[in-house]
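Please keep the sequence and the picture beside you as you read.

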Amino acid sequence: MSELTTSEQQTESEPLSVSAFGYELVREILLPELLGKDTAEILYWAGKRLARKYPLSTLDETIRFFQDAGWGTLSVKEETRKQLVLELGSELISSRLKHNANSTFQLEAGFLAQQMELQKNATAEAFEHPNKRSFRIQFTIKWDKNDFVTE
């Protein structure tokens, strides 16, 4: 049996991280440059596709995924029979909202819509609502149990 080096031990115990600058470079500069005026729509559908690759069984798993992905802290604000209101916050989100009025969170919205479709077995849609005062994002996810998802 071989022993792990210190750097291998550190890698196994601590998750890898990306600098905020590196993340912002891709998210706020490169993607809009490549996707142009359709950035928001493409990111929404990309979020849905990503959710299909990482299906989650519960809202708690979805909240944990957001934390693990570095997307921020997701919390439940309100839940009714046909909709869910979630709030997303982090230092990175605050910074994005402060420095770029055109920041979009459609990747996250699409991801949430698809997760709710899977979890509720109903067609779902998500809408983002940036709160410029609190520097957080609210998502309203609505579903229709009468419109079942078939695969």
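Predicted model: local features only at pLDDT ≥ 70, side-chain atom pairs only at ≥ 80, totals over all residues.

Two strands are said to pair if DSSP finds at least two bridges between them.

## Strand β2 and its neighbours

On one side, β2 is joined by six bridges to strand β1 (residues 73–79), and these two strands run antiparallel. They form a hairpin, with three residues between β1 and β2. To follow this pairing residue by residue, one can look at Ser 75, whose bridge partner in β2 is Glu 87, and at Val 76, which stands opposite Leu 86 in β2. On the side of β4, Val 85 stands opposite Thr 140.

Is β2 largely enclosed or left open by the rest of the structure? A residue counts as buried when its relative accessible area is under 20%. Six of the seven residues of β2 (residues 83–89) are buried, so this strand is largely enclosed by the rest of the structure.

## The pairing of β3 with β4

How many bridges link β3 and β4? These strands pair over nine bridges, in the antiparallel sense, and within the pairing Glu 125 stands opposite Lys 142 in β4.

Helix α4 (residues 59–69) packs with helix α6 (residues 106–120) at an angle of about 155°, and their axes are 11 Å apart. Angles over 145 degrees count as roughly antiparallel, and α4 and α6 are therefore roughly antiparallel to each other. Their crossing is right-handed. From α4, the residues Leu 59, Thr 62, Phe 65 and Phe 66 meet Glu 108, Phe 111, Leu 112, Gln 115, Met 116 and Gln 119 in α6. Sorted by class, the residues of this contact comprise six nonpolar, three polar and one charged.

Helix α3 (residues 39–53) also meets α6: the axes of α3 and α6 come within 6 Å and cross at roughly 40°. The two helices are therefore oblique to each other, and the crossing of α3 and α6 is right-handed. The residues that make this contact include Leu 43, Tyr 44, Gly 47 and Leu 50 of α3, together with Leu 107, Gly 110, Phe 111 and Gln 114 of α6. By class, the contact of α3 with α6 has 11 nonpolar, five polar and three charged residues.

## Positive phi in two loop residues

Asn 121 is placed in the loop between α6 and β3, and although Asn 121 is not a glycine, its phi is positive, at about 50°. With a relative accessible area of 41%, Asn 121 is partly exposed.

Further along, Phe 135 lies in the loop between β3 and β4. Phe 135 has a positive phi near 55°, again in a residue other than glycine, and Phe 135 is partly exposed, with a relative accessible area of 25%.

## A charged residue inside

Where does Glu 28 lie, and is Glu 28 buried or exposed? Glu 28 belongs to helix α2 (residues 20–35) and is buried, since its relative accessible area is 14%.

Leaving aside residues up to four places away in sequence, Glu 28 touches Arg 96, Asn 100 and Ser 103. Between Glu 28 and Asn 102, which are 74 residues apart along the chain, the C-alpha atoms are separated by 9.1 Å.

Notes. Residues numbered from 1 in each chain as written. Heavy atoms only, no water. Buried < 20%, exposed > 50% of the residue type's maximum accessible area, 1.4 Å probe, protein only. Helix = DSSP H or I, 4+ residues; strand = E, 2+ residues; numbered from the N terminus. Axes fitted to C-alpha atoms, helices over the stretch in contact; angles between N-to-C directions. Parallel < 35°, antiparallel > 145°, perpendicular 65-115°, else oblique. Left-handed = near helix turned anticlockwise from the far one by under 90°. Contact = heavy atoms within 4.5 Å. Nonpolar A, V, L, I, M, F, W, Y, C, P; charged D, E, K, R; others polar.
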